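Q: I have a model open and would like to talk through some of its details with you. Could we go over it together?

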Amino acid sequence: MKPTARFFTILSFLALTPAAAIPAAAQESPSVYVVAAGDTLSKIAREHRTTVQALMKTNSLTSDRLAIGQKLNLPIPETARAETPAPQPSDVPPASGSDASVRPPDIAGSRSMTVAADVLNVRQTPSLDGAIVGKLPFGAVVQILEPGAEWSKIAYGSTEAYVFSSFLSDTAAPAPSASLPVFSTDTRGAERLQAIVQPLLKTPYVFGGTTPDGFDCSGFTAYVFHQLGVTLPRTSEEQFAGGQAVPLEQAMPGDLLFYDSLNKGRVSHVALYMGNGLIVHANGNEVRYEKVENMHKLYPFYGVKRYLTEWVE
């Protein structure tokens, strides 16, 4: 066969061969993600059932900035690790016989409780068939309207809803976690902040945003403080320049925590401390809760500032 004829024969074979027949090494690995316009680490983590921290660790990232076309190695999905299943939103009791299996707490007469699950489903009716109207993060303070052995009615925004009682604990004495720092807390401040913050959760992140239509980090803290009758400076740097410096271990609900999220050697992010090692902030795509320990793994920490001194007098 002439060389020219052999060449065209090979081309014809490749054109008719299914992609599945081509060796896997010639195809893009399903564990690699190529960054597209509009992608963020939090968006990619949600779509691939992983976490921002896992993505950063797997790819040795030192910041959350991404470039279009950048290739990211995806961590092994938690669902593929049978020995360590991913935490799921909770509204059913722990499995019988497990170490976590406990009796529902005695909440008779309690006015507020703390969420003890990683994520707690809030349902429209006291049933697993009830529509999920929202989710509460670990450490969130809820007001109990009607306690129950199985389901408890709570105040949820301007409405009433139900959560599973087994995943509530006494606000006055939350059980500390070995991995979650528990700083000083103030129940009055936490309850007041919760009432303001709850309706703002999942508000989209908008650069320069200062209203419930969209917030950036300092716009969010300034808005919350305005509801409390306190005027904050506009930017995170300006907010860090004011207030009273407080050691991290003495942080109280209402204090502000500051970070360098842009790795520029200066304050570029502010978050609102809610108590029990939790902050709430406008970060990524929305207003959301975060554990303090997670933030300290991601960004340089600059300190705590207190503007609401009347809560700790």
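Q: Is asparagine 276 buried or exposed?
A: This is a predicted model, and in it asparagine 276 counts as buried, because its relative accessibility is 8% and the cut-off for buried is under 20% relative accessible area.

Q: Where does asparagine 276 sit, and what is its phi near?
A: Asparagine 276 lies in the loop between β14 and β15, the latter covering residues 278-283, and its phi is near 55 degrees, which is a positive value in a residue other than glycine.

Q: OK, and asparagine 263, what is phi near there?
A: For asparagine 263, phi is likewise near 55 degrees, again positive in a residue that is not glycine; this asparagine belongs to the loop that runs between β13 (256-259) and β14 (269-275).

Q: How does asparagine 263 count by relative accessible area?
A: Asparagine 263 has a relative accessible area of 32%, so it counts as partly exposed, since that class lies between the 20% limit for buried and the 50% limit for exposed.

Q: Let's move to β13 itself. Which way do its side chains point?
A: Leu256 and Phe258 point one way from β13, while Leu257 and Tyr259 point the other way, and all of them are buried.

Q: In what sense does β13 pair with β14, and over how many bridges?
A: The pairing of β13 with β14 is antiparallel and extends over four bridges; within it, phenylalanine 258 has valine 270 of β14 as its bridge partner.

Q: And how about β13 with β17?
A: β13 and β17 also pair in the antiparallel sense, over four bridges. Here phenylalanine 258 stands opposite glycine 303 in β17, and tyrosine 259 has phenylalanine 301 of β17 as its bridge partner.

Q: How many bridges join β12 to β17?
A: Three bridges join β12, residues 244-246, to β17, residues 301-306, and these two strands run antiparallel. In this pairing, valine 246 stands opposite valine 304 in β17.

Q: Zooming out, how many helices and strands does the protein chain have?
A: The protein chain has seven helices and 17 strands, and buried residues make up 42% of its 313 residues.

Q: What share of the contacts comes from residues 24 or more positions apart?
A: Among contacts in the protein chain with a separation of 6 or more, 59% are between residues 24 or more positions apart.

How values were computed. Residues numbered from 1 in each chain as written. Predicted model: local features only at pLDDT ≥ 70, side-chain atom pairs only at ≥ 80, totals over all residues. Heavy atoms only, no water. Buried < 20%, exposed > 50% of the residue type's maximum accessible area, 1.4 Å probe, protein only. Pairing = 2+ DSSP bridges. Contact = heavy atoms within 4.5 Å.
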